[in-house]
Amino acid sequence: MKHLNIALAGLLALLAINTAFAGDPTAGKEKSAACAACHGADGNAPTANFPRLAGQYEDYLLQALKEYRSGARTNPIMVAQVAALSDADMENLAAYFAEQKGLIAIDIE
């Protein structure tokens, strides 16, 4: 019985981790218009001057957005972009961009 309780606790922990970042990709896509100018409509930035968001881990993207809002990351453009975002907006954006397929950039000179 003790092993069953440990297994059940482990399963519940895994479920909690999977739902901790349960943003809505559809809502994120609707909110992503402001992101497209720099990061591309699907998160694949049109130039190397901006980070690629597509295919990044959802928790990483969410953490980055929260750090811009808190001031832990300092980029004047991003700080202004996230200022009005709610936690749900950030979760949704992170879910949307994490779901996109990231393109690999190849520089040929």
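This note goes through a predicted model point by point, from the whole chain down to single residues.

1. Ground rules. The model is predicted, so local features need pLDDT of at least 70 and side-chain atom pairs count only at pLDDT 80 or more, while totals for chains, interfaces and linings use all residues. Residues are numbered from 1 along each chain as its sequence is written, and side-chain values use heavy atoms, with hydrogens and water left out.

2. The chain as a whole. The protein chain has 6 helices and 0 strands; helices (H or I, at least four residues) and strands (E, at least two) are DSSP runs, numbered from the N terminus. Read from the N terminus, the order of elements is α-α-α-α-α-α. Of its 109 residues, 26% count as buried. Buried means under 20% relative accessible area, exposed means over 50%, and partly exposed lies in between, using a 1.4 Å probe and protein chains only.

3. Contacts along the chain. A contact means heavy atoms within 4.5 Å. Among contacts in the protein chain with a separation of 6 or more, 64% are between residues 24 or more positions apart.

4. The largest pocket. Its volume is about 570 Å³. A pocket is found on a 1 Å grid over the protein atoms alone: it is an open set of points where a 1.4 Å probe fits, with protein on both sides within 12 Å along at least five of seven lines, and lining residues have an atom within 4 Å of a point. Grid points are joined across faces, edges and corners, and the volume is the space filled by probe spheres set on the points.

5. The pocket lining. The largest pocket is lined by 27 residues, and His39, Leu53, Leu65, Tyr68 and Met78 lie nearest its centre. Two or more lining residues come from each of helix 3 (33–39), helix 4 (58–70), helix 5 (76–82) and helix 6 (87–99). By type, the lining divides into 20 nonpolar, 4 polar and 3 charged residues. Here Ala, Val, Leu, Ile, Met, Phe, Trp, Tyr, Cys and Pro count as nonpolar, Asp, Glu, Lys and Arg as charged, and the others, Gly among them, as polar.

6. His39 is in helix 3 and is buried, with a relative accessible area of 9%. Leaving aside neighbours within four places in sequence, His39 is in contact with Asn44, Ala45, Pro46, Phe50, Pro51, Leu53 and Met78.

7. The largest nonpolar core. A nonpolar core is a set of buried Ala, Val, Leu, Ile, Met, Phe, Trp, Tyr and Cys residues joined through side-chain atoms within 4.5 Å. The largest one has 14 residues, and Leu65, Val82, Met90, Leu93 and Phe97 touch the most other members. Helix 4, helix 5 and helix 6 each give two or more residues to this core, and helix 6 gives the largest share, 5 residues. In soluble globular proteins, nonpolar side chains tend to be buried together.

8. Phe97 and Cys35. Not counting residues up to four places away in sequence, Phe97 touches a list of residues including Ser32, Cys35, Leu53 and Leu61. Cys35 lies in helix 3 and counts as buried at 19% relative accessibility. The C-alpha atoms of Cys35 and Gln81 are separated by 8.4 Å, though the two residues are 46 residues apart along the chain.

9. Arg52, in a loop. Arg52 is in the loop between helix 3 and helix 4 and is partly exposed, with a relative accessible area of 35%. A polar atom of the Arg52 side chain lies 2.3 Å from the backbone oxygen of Ala54. Arg52 and Phe97 are 45 residues apart in sequence and 9.3 Å apart in space, C-alpha to C-alpha.

10. Asp87, in helix 6. Asp87 belongs to helix 6 and counts as partly exposed at 39% relative accessibility. Beyond neighbours within four places in sequence, Asp87 is in contact with Lys66 and Arg69. The side chains of Asp87 and Arg69 make a polar contact (2.4 Å). A polar contact is a pair of N or O atoms within 3.5 Å; within protein, one must be able to donate a hydrogen and the other to accept it, and residues adjacent in sequence count only if both atoms are side-chain atoms.

11. Gln100, after helix 6. Gln100 is in the segment after helix 6 and is buried, with a relative accessible area of 19%. Apart from neighbours within four places in sequence, Gln100 is in contact with Asp42, Ala54 and Gly55.
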